[in-house]
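Welcome, and thanks for taking a look at this structure with us. Please have the sequence and the 3D view ready as you read.

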Amino acid sequence: MHAQMISPPSMTYDDAASNFRIEDEIARLSGDLDNLNGCVECVDRYVGQNRLALRAVSAAGHITEYTFEDLQRLSARMANVMAGWGIGAGDVVAGLLPRTIELVATILGAWRLGAVYQPLFCAFGPSAIEHRFNTSGAKLVVTNMANRAKLAQIANCPQVATVIDAGEVLPQGDIDLRAQLAAASPEFAPVMRRGDDLLMMMSTSGTTGLPKGVPVPLRAMLAFGAYMRNAIGLREDDVFWNIADPGWAYGLYYAITGPLQLGIATTLYEGGFTADSTYDLIERLGVTSLAGSPTAFRLLIAAGPQAATRIKGKLRCVSSAGEPLNPEVIRWFDEYLSVPIFDHYGQTETGMTVNNHHGLTHHVRAGSAGFAMPGYRVAILDEHGKELGPNQPGILAIDIAKSPLLFFTGYHQKDTPAIAGGYYRTGDTVEFEPDGSVSFVGRSDDIITSSGYRIGPFDVESALVEHPAVNEAAVIGVPDPERTELVKAFVILSPGYSGSDELAQDLRQHVKTRMAAHAYPRLIDFVAELPKTPSGKIQRFLLRKAEIEKQQAEG
Ligand SMILES: CC(C)(COP(=O)(O)OP(=O)(O)OC[C@H]1O[C@@H](n2cnc3c(N)ncnc32)[C@H](O)[C@@H]1OP(=O)(O)O)[C@@H](O)C(=O)NCCC(=O)NCCSC(=O)CC(=O)O
């Protein structure tokens, strides 16, 4: 096996970009593209060194540490349990679990036996989960009792394995996960796969339909590792914590897979986000490299400078993704935490592609997402597909032929018009600065970015119209200083209903429990009509324009 090399931070960005060779990235793998296993890359290759792999922090703040040896045994037990229930290479295993050791065991166990992992965010309701099962054909879902009731509402639910705590009763027909893990053998030879075989089945929100499946092949690990080294700049001596949830790409790729691939311990905190618990954990663990979304950072700032003093100067670097990072956050982190915070840009489809790189020395442009990651060439296209120069807004695109780290080849069983003419079009409107860095302008479609989550308006509208009071609904994002955008719904009521605060609250609760707790409309207007094209398509852009004008008029 090869020793894992971490780029020295003295390499310049220009050197790394111009000297990039995919062969060098492949050589960093323990296997090769004909002989690859996700669990071997993340665990087995570091066994025998007695290295720390994971700090799992319970909601109550209790810290349990796991070595790579521990994770190897656990993944083997999990693979044995899964194999015993008929799961094999290429099958899909879903995880609907909080940020606990059982979540890590599910991911690694599935990979050990060559299966495909599908994340399910714990805030999802039954409709979001059911749609993802329909997409993936998952054969097994691993969950806990807090989430189990949602599965009972799904008609085509696969076999369920449940984590039960003391005093909880296992639902009939479920696998008692902890009991079976304890009884299983801690040995299971990893099933080797190829680079194009699937590692994960992700989902991403669309504007005109339900979320689409994003197949992620094993070779995507080349891109994950490169991001950890070049952009996060992860070092052997770092204490790393990415607070993003592994129910999403940012958390699964870069809180679990990426750091473990590099043999560097990661951190999972089971509890919900508060500024206090975040500061507390950074201090207790001695975190040096922190990652998260701008909304989380703005919530830290909202707690005031006094709360920050306990960790001032302790962090070495902070990385931000999910939404554009405001220059004010950069300034505040410099003043009150004495730490550089760099903006990074990526998508579920592509992984991180444009970054201010902590690991590569180059200048940083506050207010810009930075520069193409070595291994990707990005272009900005006009509506005819022509490449644009600086200061001309257009669609951010990835030049497929010149981006050997790009792993996306199209949505699962769906047409992918975003791939055309040799480019993958991200749908984000950006422009090049004269120095070659990329600045975010906005979305070219109706996708909402709220608290770092990408939310499809159609998804929320579909949940709303399931409610008997709703005849029609249109959902948009309206600008918000804390959460980037807030989800706002315009609702035409069914005959016999009238708008009230109580009904609005009932609709919020309905979306939270049916679809997803994070995607509910915080704002609701009851309206008599919606702007539409002659063919009857809702013109969300007109609603958005009117909201922005209203905000401007109100100052
Ligand atoms: C910044 C935050 C920590 C702030 O957390 P908050 O707790 O304030 O709010 P939230 O947005 O998480 O949650 C909104 C509402 O959902 C509820 N909620 C959240 N998680 C829940 C869960 N597991 N179960 C039940 N309810 C839950 C909350 O209580 C809250 O309800 P109420 O409002 O009633 O209190 C978080 O929003 C966050 O982690 N954001 C980053 C998301 C991220 O990782 N983005 C990158 C994804 S990758 C990606 O996106 C790639 C791509 O672009 O394709």
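What follows is a short tour of domains, salt bridges and a few local features.

Keep in mind from the start that this is a predicted model. The domain assignment of the protein gives two domains, with domain 1 spanning 69-218 and domain 2 spanning 461-554.

**How the two domains meet**

- Taken over C-alpha atoms, the centres of domain 1 and domain 2 are 33 Å apart. Nine residues from domain 1 and eight residues from domain 2 take part in the contact.
- About 660 Å² of area is buried between domain 1 and domain 2, and carbon and sulfur atoms give 49% of it.
- On the side of domain 1 that touches domain 2, the residues divide into five nonpolar, four polar and no charged.
- How many salt bridges are there between domain 1 and domain 2? The count is zero.
- Polar contacts do occur there: three residue pairs are in polar contact between domain 1 and domain 2, with both residues of each pair at pLDDT 80 or more.

**Salt bridges to look for**

- As background, side chains of opposite charge can pair when their charged atoms come close.
- Asp24 and Arg21 form a salt bridge, and their closest N and O atoms lie 3.1 Å apart. Asp24 is partly exposed, with a relative accessible area of 33%, and Arg21 is partly exposed as well, at 44%.
- Arg148 and Asp174 also meet through their side chains in a salt bridge, at 2.6 Å from N to O. This pair links distant parts of the chain, 26 residues apart: Arg148 sits in helix H7 (residues 145-152), while Asp174 is in the loop between strand S6 (159-163) and strand S7 (175-176).
- Are Arg148 and Asp174 buried or exposed? Arg148 counts as buried because its relative accessibility is 14%, and Asp174 counts as buried because its value is 10%.
- Another salt bridge joins Arg544 to Asp446, with 3.3 Å between the closest N and O atoms. Here 98 residues separate the partners, with Arg544 in helix H17 (residues 540-553) and Asp446 in the loop between strand S21 (438-443) and strand S22 (448-450). Arg544 and Asp446 are both buried.
- Some salt bridges form a network, and one such network links Asp276, Asp280, Glu283 and Arg310.

**A mostly covered helix**

- Helix H12 (residues 294-302) is mostly covered, with seven of its nine residues buried.
- Which residues of H12 are buried? They are Pro294, Thr295, Ala296, Phe297, Arg298, Leu300 and Ile301.
- Just after H12 comes Gly304, which takes a positive phi of about 95°.

**A buried residue in a strand**

- Asn144 has its place in strand S5 (residues 140-144).
- Asn144 counts as buried because its relative accessible area is 15%.
- Leaving aside residues up to four places away in sequence, Asn144 touches Leu96, Leu97, Pro98, Thr162 and Val163.

Definitions and conventions
Residues are numbered from 1 along each chain as its sequence is written. This is a predicted model: local features need pLDDT of at least 70, side-chain atom pairs count only at pLDDT 80 or more; totals for chains, interfaces and linings use all residues. Side-chain values use heavy atoms; hydrogens and water are left out. Domain bounds come from an automatic or database domain assignment. Contact means heavy atoms within 4.5 Å. Buried area is the accessible area (1.4 Å probe) that two parts lose on being put together, summed over both. A salt bridge is a side-chain nitrogen of Lys or Arg within 4 Å of a carboxyl oxygen of Asp or Glu. A polar contact is a pair of N or O atoms within 3.5 Å; within protein, one must be able to donate a hydrogen and the other to accept it, and residues adjacent in sequence count only if both atoms are side-chain atoms. Ala, Val, Leu, Ile, Met, Phe, Trp, Tyr, Cys and Pro count as nonpolar, Asp, Glu, Lys and Arg as charged, and the others, Gly among them, as polar. Helices (H or I, at least four residues) and strands (E, at least two) are DSSP runs, numbered from the N terminus. Buried means under 20% relative accessible area, exposed over 50%, partly exposed in between (1.4 Å probe, protein chains only).
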